[in-house]
Amino acid sequence: MNVRSSNTHISEDLTNRELARQWKNLPLDEARSYVNRLQKRIAKAVKEGKYRLAKRLQYLVTHSFYAKVLAVKKVVENTGQRTTGVDGVKWTLPHEKMKAVLSLTDKGYKAQPLARIYIPKSNTGKMRPLSIPTYFDRAMQALYAMALQPWAETTADRTSFGFRIYRSAQDAAEYLLMCLNKENSAQYILEGDIKGCFDNISHEWLLREIPMDKRILTEFLKSGFIHEGAYCDTHTGVPQGGIISPILANMALDGMELLLKSRFKNKKVNLIRYADDWVVTAKSKEIAEEVKSVIAEFLAERGLSLSEEKTKIAQIEDGFDFLSWNFRKYKAKTFMKPSKKAIATIIRSISDIIRKAKSWTQGSLINKLNPVILGWTSYHKCGAASETFSKLDAVMWGMLWHWAKRRHPDKGNRWIARRYWHSVNNSNWTFTTFRYTLKRFSDTKIRYHKLLQMERNPYLDNSYFSDRLSDKRTRQSSIYSF
């Protein structure tokens, strides 16, 4: 054996062991505290109009060892961490993660092309492009997102709710209900749809307006992508799949609320936006048409346009869908119920699971169904959903009965009922093995959502959001907080 080669391997092993030890002993609480203090200072500086100070603080974040630790940690703990980029590199071992922290720098940074895949859209069946950055590029995006997010949160539209810290679809729905339930509230709704929002945002606009290092932003935007072995340039848009992309898309659409408020005073015009999905209330159909024209001009500056086919004006008495709910005024009150499309989707999901369960045990089927049921009811429990929950229980019972009958074609109904359904808590028809019990939709109680104070900033009003997180009437989202 070559002695020199052997010594090199021993040296590398020792180095990797030391790096692994460092990763395992990182002071994560101290790192979070340090970065959060800088983020608060950025938000405060932006609020006070001290933009030069804010940019200097951003630099401190992106060059901070602690921020780099959190960026790598976010990447390796992300639910999509198993998907690699074009280089096939994955950080799984502790020493690989520590090496990544130490190598994360803007010096000579060059983003690699994105790996392009296509996934089906849940509502149309059409294919949606998803662009996968490498692990290193994801970590760089996470690092710069930490510096950009406090600025974005401080300048964001009050009534923007999607991809925001401690905001949720339920917050958007509750605010919309408030706008529609006022005395003499607006009678018309403009339902907006932007053509390929993420794919078409102008790079020129982003590079001019987004307050971050222009060279790094250029790398994120102009990296191109690889599809079926061929390289393609990216001339517009932000990659769906990039960590920083939702923040960039939100910032591109911010300003819409203030524009409408300034142009349509006392016209009952209210914007409610969740990412690129939005509605605007209006006093009349004519005002809704004017709002549509103003928004079209706003979007055109950013390289975007409305879909004429999907952008509609509706009367509240006829109802409209938004964020998987249907809003409709009955007499003097507006109600929010699960939409027909949302109901059809959950029925299809349950049917698909049960159809695949021909050879499964009852316990395995229950364990597959329960998270789906709980997730759906948790989302919809803030609306008038009691009747829907009861109907879905009946539909699911019928599917389960057919599942049980198929398994035992020679057995009678009474035997099947005794085999799979038992009496639990005064209910004779509980689908259970006693070890595993199926949740009913109607087990989830309706809890009306507490209205968010829209002016609150997650970096400057920590105590408000701490109290709100402990309130069972709120269902918060902290996606993008670090």
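Guide: Helices are DSSP runs of H or I with at least four residues, strands are DSSP runs of E with at least two, and both are numbered from the N terminus. This is a predicted model, in which local features need pLDDT of at least 70 and side-chain atom pairs count only at pLDDT 80 or more, whereas totals for chains, interfaces and linings use all residues. Residues are numbered from 1 along each chain as its sequence is written, and side-chain values rest on heavy atoms, with hydrogens and water left out.

The secondary structure of the chain comes to 18 helices and 13 strands, and the C-alpha atoms fill a box of roughly 80 × 70 × 50 Å along the principal axes. Of the 482 residues in the chain, 48% are buried, where buried means under 20% relative accessible area, exposed means over 50%, and partly exposed lies in between (1.4 Å probe, protein chains only).

Side chains of opposite charge can pair when their charged atoms come close. A salt bridge is counted when a side-chain nitrogen of Lys or Arg lies within 4 Å of a carboxyl oxygen of Asp or Glu, and by this rule the count comes to 16. One of them joins the side chains of R468 and D171, at 2.3 Å from N to O. This pair links distant parts of the chain, with R468 in helix α18 (residues 462–469) and D171 in helix α7 (residues 169–180), 297 residues apart. Both R468 and D171 are buried.

A second pair joins E308 to K292, with the closest N and O atoms 3.0 Å apart. It, too, links distant parts of the chain: E308 is in the loop between α13 (285–300) and β8, K292 is in helix α13, and 16 residues separate them.

Elsewhere, R158, E257 and E455 are linked in a network of salt bridges.

K121, K126, K310, K312 and K341 gather in a surface patch of positive charge; patches are made of residues with over 30% relative accessible area and no salt bridge, like charges being joined within 9 Å and nonpolar side chains (Val, Leu, Ile, Met, Phe, Trp, Tyr) within 5 Å. Lys and Arg count as positive and Asp and Glu as negative, without His and the chain ends, and the place of a charge is taken as NZ of Lys, CZ of Arg, CG of Asp or CD of Glu. The accessible areas come from the Shrake-Rupley method with a 1.4 Å probe, and for residues only the protein chains shown count as cover.

E228 has a positive phi of about 50 degrees although it is not a glycine; most residues other than glycine have a negative phi. E228 sits in the loop between β4 and β5 (230–232), and with a relative accessible area of 73% it is exposed.
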